Amino acid sequence: MKIRTRLLLFLLPTLIGSIALVSTLLAYNWYGEIVEGFRTRLKSAVVSAAIMNLPEEQLQRLREPLSVTALYIVPIHSPKIASIPKDVHITPIYKSENGEKLMTGYAPIFDQNGHLMALMAADINVNLIDKKFQESLFLIIFSSGFTILMMVLTLFFIANKISGPVQKLNNSALAIAAGQYGESVDVTEPKEIADLANTLNTMSECLHENINRLKENSLLRERMYGEYECAMLLQHMMLQKNIDDCRSDAVAVKSITFFSESPRGFLLDFPKGERADLFQIHLAEAEEEGFEGMYQLLTQYKLSKESHTHTSLSLDQAASLLQIKGPHLPLFWSLDERKFLESSDGSLKVDSGDYLFLFNQGLLRFYKGHQKVSELLSKVLKVFASDGLETTSNMLQKELAFATKRKDLEEDIHLLCFQILNP
């Protein structure tokens, strides 16, 4: 039910009932005033006529000036004078012999000696009172009807002034619910509804800004996730796929990787050489984070595989000799001597079962130096190196996983574990 209908249904009956009650009380009181006015007029007329004590013929000419229906004298010897009080008085309304409703006033007429000689009587027909009351009642009904009409129009106007802005607010709320964020409504009065409209406009603007911000964040997140997925796919192609595709009997390879939120490319390649007994390992790391850095790394590597930024290792199976060249310094573990060996001229003598470890800068920065990385690997290798590459790499993976749980990972960690099989 609309607010306009509610106002009319709830206020209009109350107002009409109040006006009807007031009109009824006014009509009742007005009727009493009219009757009292006629009684006063009748009393004045009969007293004036008694004082003048005119003959019967002249009395008839005074009826109209005195506004009475009949004016006559009741003689002292009349039979009905005995039942009439001898002072000035007005009778109640009664019904005459011919059926008319009358009200009669009496006043005594005295002679020069002060003796009662007759009574002056004046009649007023009650129809005059009823006619006067009907005129008054018509005026009351007309005034009441006009008042009710004005009240209805006023209520209708007030209801429209209230329901109009409320309807605007309703339409604006529906527009916002339909997705038209930023929709505003212009309401200036009444003040309370104007304040509500301003609050709704503020909410609409805030929703519009928040939705736009969410859309922007969603697009940015989709782009970031898209780039991240592409980066992960490209990283897999540059590292793990090459490891899986390696079919050499010279070494066995295991990769241990922990990714951060900002991946940095790490490339491993096993290029084919002219000599069948020469096994080559190429290693390169991206200078920038993300997909673009990986793409640049892959492009530069394909253009120049002998760049000074790349690390190159060559295992001469005939001479059991490992040649090292490049910025990434590997760690070489001797299974017989149970320690890391160092190379002074970039070459090392290798035996079957020895381990070679290559890693990125992220692992160095995570452990804050080459020495800490060496200590980590030594702790595991001293116990599990003789059990083979699979066991050793699994234990190293657990050690690194435990370390990354205690400390936030800011960069990717790549650790490549090689075991010499047939030098």
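Predicted model: local features only at pLDDT ≥ 70, side-chain atom pairs only at ≥ 80, totals over all residues.
Which elements cover the buried residues of α9? They include β11 (331-334), β12 (339-341), β14 (355-359), α8 (361-367), α10 (389-406) and β15 (413-420).

Residues are numbered from 1 along each chain as its sequence is written, and side-chain values use heavy atoms, with hydrogens and water left out.

The protein chain contains 10 helices and 15 strands; helices (H or I, at least four residues) and strands (E, at least two) are DSSP runs numbered from the N terminus. Its C-alpha trace spans about 180 × 40 × 30 Å along the principal axes. The radius of gyration of the protein chain is 60 Å, whereas a compact globule of 423 residues would have one near 22 Å. That radius is taken over C-alpha atoms, and the globule rule is 2.2 Å times the number of residues to the power 0.38.

Of the 423 residues, 38% are buried. Here buried means under 20% relative accessible area, exposed means over 50%, and partly exposed lies in between (1.4 Å probe, protein chains only). The accessible surface of the protein chain is about 25400 Å², with 57% belonging to carbon and sulfur atoms; these areas come from the Shrake-Rupley method with a 1.4 Å probe, and for residues only the protein chains shown count as cover. Among contacts in the protein chain with a separation of 6 or more, 65% are between residues 24 or more positions apart, a contact being heavy atoms within 4.5 Å.

As for charge, the protein chain carries 42 positive and 51 negative side chains, and the centres of the two sets lie 7 Å apart. Lys and Arg count as positive and Asp and Glu as negative, without His and the chain ends; each charge is placed at NZ of Lys, CZ of Arg, CG of Asp or CD of Glu.

Now back to helix α9 (residues 370-384). With 15 residues at 1.5 Å a residue, helix α9 should span 21 Å, and its end C-alpha atoms are 21 Å apart, which agrees. The expected span is 1.5 Å times one less than the number of residues. Its buried residues are Val-373, Ser-374, Leu-376, Leu-377, Ser-378, Val-380 and Leu-381.

In the loop between α8 and α9 lies Lys-368, a residue other than glycine with phi near 60°. Lys-368 counts as exposed because its relative accessibility is 68%. Arg-338 lies in the loop between β11 and β12 and has a positive phi of about 55° although it is not a glycine. At 47% relative accessibility, Arg-338 counts as partly exposed.

Other positions show how sequence separation and spatial distance compare. Ile-140 is found in helix α4 (residues 126-177) and is buried, since its relative accessible area is 6%. Leaving aside residues up to four places away in sequence, Ile-140 touches Ser-23, Leu-26, Ala-27 and Trp-30. Its C-alpha atom is separated by 68 Å from that of Arg-213, 73 residues away along the chain.

His-310 is found in the loop between α7 (290-303) and β9 (311-316). His-310 counts as buried at 7% relative accessibility.

Arg-247 lies in the loop between α6 (240-245) and β6 (251-258), and is exposed with a relative accessible area of 68%. Arg-247 and Phe-270, 23 residues apart in sequence, are 9.9 Å apart from C-alpha to C-alpha.

Finally, Asn-422 lies in the segment after β15 and counts as partly exposed at 39% relative accessibility. Not counting residues up to four places away in sequence, Asn-422 touches Asp-249, Ala-250 and Gln-317. Asn-422 and Leu-313 are 109 residues apart in sequence and 16 Å apart in space, C-alpha to C-alpha.
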